[in-house]
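Subject: Structure handover and notes

Hello,

Please find the structure below, followed by my notes on it.

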Amino acid sequence: MIIHTQRDGFAHPLPSEITGQEIYQGRRALIQRMATGAAGLALAGWAGREALATSAAPGKNAALAATKSTLAGALTMDKVTDYKDASTYNNFYEFGTDKAEPAQNAQTLKTSPWTVEIEGLVKKPAKYTLEDLLKLSAQEERIYRLRCVEGWSMVIPWVGYSLAELIKKVEPLGSAKYVEFVTLVDPKTMPYVGSQVLEWPYVEALRLDEAMHPLTLLSFGMYGEVLPKQNGAPVRLVVPWKYGFKSGKSLVKIRFTDKQPATAWNKAAANEYGFYSNVNPNVDHPRWSQATERRIGEDGLFAKKRKTLMFNGYEAQVGQLYAGMDLKKNF
Ligand code: MTE
């Protein structure tokens, strides 16, 4: 997701980031480095993440009961990613740009009390407490793939319910066309919100029909427990057919608008991160291909990459939303 620098077709902001990513993606680079003796350094970064993972086993957070979803697309035969990978390899730039930093730094995030304000073009604007949101609809477990624009993916059993359930309650006006998701900015607990890396708060948005699609999940948990802080506690979005950055974490505001909202990554680099950001193997990122991906946890140094699927494999469910649109223009 980072702009300005380029390495092996991917771009990264910090030396520590480069270390972590190399284990997964830089087979060639790693082999070359092994030859020069520099691999020890990369493996030290890996060991650090492994050590962190031991304190992140499921069972650590409060249980969140859910029934298995029967929604088409809510189950996958793909192997579920290990909890330790899903909770220690994160993007949450408010807590750092290195993949291991959110798990280390986000523990200061205060998730209670928590409210989510619903405003803009709705008949019933409201401020929901987290407790009210949790009760608003039945919690389901849905196993979704999440594919990051950087070229890796995970398979996670999320807990939550369709965002549509909440949207129906607040009754959008006929003029509402988009939904904007505003996430928390708390300089006291988020060391990076003063940084220039993005404009804060981290904001994302969907078209109203995308937000209403049953697969769009308002998520409170994963692996049968409440969300770890680094994964976006206490409430986040999961939009499985879009690149991961559309899935805003730690939501505090949901705003209904008539104009397409400006989103964090689009503001940072409009030519690289479009409004739609549907997973699309046919549209390259300007600096790397999007045709393949690495599945975190399954990718040994010599494992083959997987082919990235159109709409991340959810084409049957969501393709119709984009009928007639030029998806190269609307990337
Ligand atoms: N939400 C906020 N508030 N801040 C972020 O930096 N990163 C996004 C998204 N949501 C991000 C965010 C990106 S780039 C991805 S890939 C996913 O969260 C990662 O979610 P995960 O760490 O739970 O896998």
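A polar side-chain atom of T183 lies 3.5 Å from a nitrogen atom of the ligand, and this pair meets the cut-off for a polar contact (a pair of N or O atoms within 3.5 Å; within protein, one must be able to donate a hydrogen and the other to accept it, and residues adjacent in sequence count only if both atoms are side-chain atoms). Taken alone, the ligand exposes 530 Å², and the protein buries 99% of that area, where accessible areas come from the Shrake-Rupley method with a 1.4 Å probe and, for residues, only the protein chains shown count as cover. An N or O atom in the side chain of E94 is 2.8 Å from a nitrogen atom of the ligand, while a polar side-chain atom of N90 lies 2.9 Å from an oxygen atom of the ligand. There are 16 residues around the ligand, of which Y93, E94, R236, S247 and K249 come nearest; a residue counts here if one of its heavy atoms lies within 4 Å of the molecule.

Please keep in mind that this is a predicted model, in which local features need pLDDT of at least 70 and side-chain atom pairs count only at pLDDT 80 or more, whereas totals for chains, interfaces and linings use all residues. Residues are numbered from 1 along each chain as its sequence is written, and side-chain values use heavy atoms, with hydrogens and water left out.

Turning to the chain as a whole, its secondary structure comes to ten helices and 13 strands; helices (H or I, at least four residues) and strands (E, at least two) are DSSP runs, numbered from the N terminus. Of the 331 residues in the chain, 54% are buried, where buried means under 20% relative accessible area, exposed means over 50%, and partly exposed lies in between (1.4 Å probe, protein chains only).

Which residues have the most contacts inside the largest nonpolar core? They are W158, L163, L166, L218, I254 and F256, in a core of 79 residues, and the largest share of this core, six residues, comes from strand 5 (residues 152-162). A nonpolar core is a set of buried Ala, Val, Leu, Ile, Met, Phe, Trp, Tyr and Cys residues joined through side-chain atoms within 4.5 Å. As general background, nonpolar side chains tend to be buried together in soluble globular proteins. If neighbours within four places in sequence are left aside, the residues in contact with W158 include Y144, L146, L217, M222 and V238, contact meaning heavy atoms within 4.5 Å.

The structure also holds 20 salt bridges, a salt bridge being a side-chain nitrogen of Lys or Arg within 4 Å of a carboxyl oxygen of Asp or Glu. One of them joins D78 and R145, with the closest N and O atoms 3.5 Å apart. Because D78 lies in the loop between strand 1 (67-68) and helix 4 (83-86) and R145 lies in strand 4 (residues 140-147), this pair ties together parts that are 67 residues apart in sequence. D78 is partly exposed, with a relative accessible area of 23%, whereas R145, at 11%, counts as buried. Another salt bridge joins R147 and E293, with the closest N and O atoms 3.4 Å apart. R147 lies in strand 4 and E293 in strand 12 (residues 292-295), so this pair ties together parts that are 146 residues apart in sequence, and both R147 and E293 are buried. D78, R145, R147, E293 and R295 are linked in a network of salt bridges.

The side chain of E204 makes a polar contact of 2.7 Å with the side chain of K246.

Finally, there are some points about the backbone. Most residues other than glycine have a negative phi, and most peptide bonds are trans. The peptide bond from S112 to P113 is cis, with omega near 0°, and P113 is found in the loop between helix 5 (101-105) and strand 2 (115-120). A cis peptide bond also joins A233 and P234, where omega is about -5°. Phi of S250 is near 50°, a positive value in a residue other than glycine, and S250 counts as buried at 0% relative accessibility.

Best wishes
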